[in-house]
Amino acid sequence: MAPGGGTPDPWEFPPVRAARLAWLYFRIGAMNELQYRVNFLVYLFQSALALGTGLAVLALVFGRVSELNGWSRPELLAVMGVFTIMGGLIRTVIQPNMTQFMTDVQEGTLDYVLTKPADAQLLVSVRMVAIWQAVDVLSGAVVLAVAVLRLGHGMGLAHALGFAVALLAGAVMIYCFWMMLTTVAFWVVRIDQIVELFQGIYQAGRWPVGVYPGWLKIGLTFLVPIAFAVTVPAEGITARLSGSTLAGAVGLAAALFGLTRWFWRFGLRHYSGASS
Amino acid sequence: MTTAPQNPVATVGRLRSMVDLYVRTMKVAVSVQFQYRVGNYLYMVGMVAEPVIYLVVWSTVARANGGSVSGYTAGGFAAYYIVWTLVRNMNIVFTPYGWEQRIRQGRLSGQLLQPVHPIHHDLAFFAGWKFVVILLWLPIAAVLSAVFRPSLHTSAAQVATFAVAIWGAYLIRSMFLWLLGMVTFWTTRVGALFELYFVAELLLSGRLVPMRIMPGWVRDVAGFLPFQSTFGFPIQSLVGPVTGRELLTGLGTQALWIAIGAGLVAVVWRRAVRQYSAVGN
């Protein structure tokens, strides 16, 4: 803790400190939620219903055609798996933090966050965790595993790695998208409908973005990065992901993260608090 | 109230005050909801995502299938799902999830003191809201039509049926979701039940896909349930193909479900109120 002089403490290296802080909040949040065990069954049931509906739709579509826009049935099952995993991640860690942040701006309680001796963007991004929503991450992983088995060509280490990197880049982009959207709350205080709006648009990720008409495809790639969140990782699983697409995804994620950081600081400078 | 129910003057008076209640509540709803038009719009735009996804997928399937699926071309699907957006908006009623708040915060206690059944307030308020919704829907429909080029061949009889059927759908869904919501009087662990209901509705109503695309046994099951009267029938009545006879049976079926819904609401409500112990201030 002593500033200056001596050997630098490796625990105080900023990224490590940030990760420790995030982990601490994650543990507290998880412990809080783990008190309500019956919720696990409720979310498991919900997840099963959602998967059942998704499978029913796939069955209806593939009762008529043998492939959709070049994607076979097991390949679309893989898309569904990734969609479910990413949706679970969003609802476990991203969405709860963003809604809490919007509430804080509305009620003026954001001041308590800003006065804490840690980076404010980090704090508003890691405070909340809705742990039971992670059930979707598990059920999505099961669907994905079944899809990989059905595909039959197995998965090499390179593909697995490509998938993992693409998934991470996609998650970062969704986080950045949400963060920028909520930062707007500094100017426009009431944006209640945004969660619904995002959930509605996110459903588009159930299908590879290639099926959508041109303008919509562009919107789902660069405006709301659903293509990178779901389709690109799914391409990693189904062996159609090129190195350049992956590199592009990582590059875009990094650029978007930088932009988000800048936008957050810009917004923060305009924030005057609610209690004045 | 000293007048006997047979007294014709009293009956007319009751009817008039009921009409008055509806008109006034609807007017309030219109002005309240028009204030929040931006919020309303964002909500409606978010809702458009759902049918657009179905539309894109099924148009793709139709094209891959040689032009059509079960008689629907890409333009036919466009017509179906654009009309869907209006029907979906007509179908927004008091949510069953709202009952927990109503009961827990004791808001129901105030409503119980009023001399009319509380469902009238909900029916009137949401019906008033619909006028704002229809107005806001028109530009959305225009944009969707310009983008997806629906092929719609309809008739005056179909338009007339549709105009009635969307309100029938509204009544049926209002009452059945009220019934579902009232389960909250007995238990607060209702989330899973509601989810199950909404999934059944999604699959068996024509909301997910036109019922003609569903396998025969699914359609048979759906025939015994009210869901189709709230989605599939109103849409089908306007988009077709539909015979005059089917229009009449559809309206008749709606009337039947309205009667069943009203009867069930009356019975369950009476029992539910007995369960209710007021919380609040």
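User: What covers the buried residues of α6(A)?

Analyst: An α-helix has 3.6 residues a turn, so positions three or four places apart point the same way. In this predicted model, the cover over the buried residues of α6(A) includes α2 (38–62), α3 and α10 (226–237) of chain A. The buried residues of α6(A) are A:V135, A:D136, A:S139, A:G140, A:V143, A:L144, A:A147 and A:V148.

User: How many residues does helix α6 of chain A have, and what is its reach from first C-alpha to last?

Analyst: Helix α6 of chain A, residues 135–151, has 17 residues and reaches 24 Å, close to the 24 Å expected at 1.5 Å a residue. Just after α6(A), A:G152 adopts a positive phi of about 80°.

User: Which residues other than glycine have a positive phi?

Analyst: Most residues other than glycine have a negative phi, and most peptide bonds are trans. One of the exceptions here is A:N69, with phi near 55°, placed in the loop between α2 and α3 of chain A. Another is B:R149, whose phi is near 45°; B:R149 sits in the loop between α6 (119–148) and α7 (156–181) of chain B.

User: Why does A:N69 count as partly exposed, and why does B:R149 count as exposed?

Analyst: The classes rest on a count of C-beta atoms within 10 Å: 20 or more means buried, 12 or fewer means exposed, and values in between mean partly exposed. A:N69 counts as partly exposed because 16 C-beta neighbours lie inside 10 Å. B:R149 has 11 such neighbours inside 10 Å and therefore counts as exposed.

User: Where is B:P241 placed, and which residue does a cis peptide bond join to it?

Analyst: B:P241 is in the loop between α11 (232–239) and α12 (244–275) of chain B. The cis bond joins B:G240 to B:P241, with omega about -5°.

User: How many residues are in the largest nonpolar core, and which have the most contacts inside it?

Analyst: In soluble globular proteins, nonpolar side chains tend to be buried together. The largest nonpolar core here has 138 residues, and A:M173 and B:V83 are those with the most contacts inside it. Helix α3 (residues 73–107) of chain A supplies the largest share of this core, 17 residues. Leaving aside residues up to four places away in sequence, B:V83 touches B:I235, B:L238 and B:V239.

User: How many residues does each chain give to the contact, and which elements of chain B give two or more?

Analyst: Chain B gives 26 residues and chain A gives 25. On the side of chain B that touches chain A, the elements giving two or more residues are α2 (37–64) and α8 (191–204) of chain B. The largest share of that side, 14 residues, comes from α2(B). By class, the side of chain B that touches chain A has 19 nonpolar, 5 polar and 2 charged residues.

User: What is the overall make-up of chain B, and what is its radius of gyration?

Analyst: Chain B has 12 helices and 2 strands, following the pattern α-α-β-β-α-α-α-α-α-α-α-α-α-α along the sequence. A compact globule of 281 residues would have a radius of gyration near 19 Å, and the 20 Å of chain B agrees with this. The C-alpha trace of chain B spans about 70 × 45 × 40 Å along its principal axes. Of its 281 residues, 36% count as buried. Among contacts in chain B with a separation of 6 or more, 81% are between residues 24 or more positions apart.

Conventions:
Residues numbered from 1 in each chain as written. Chains lettered and ligands numbered in written order. Core = buried A, V, L, I, M, F, W, Y, C linked by C-beta atoms within 7 Å. Helix = DSSP H or I, 4+ residues; strand = E, 2+ residues; numbered from the N terminus. Contact = placed C-beta atoms within 7 Å. Nonpolar A, V, L, I, M, F, W, Y, C, P; charged D, E, K, R; others polar. Expected span 1.5 Å × (residues − 1). Rg over C-alpha atoms; globule rule 2.2 N^0.38 Å.
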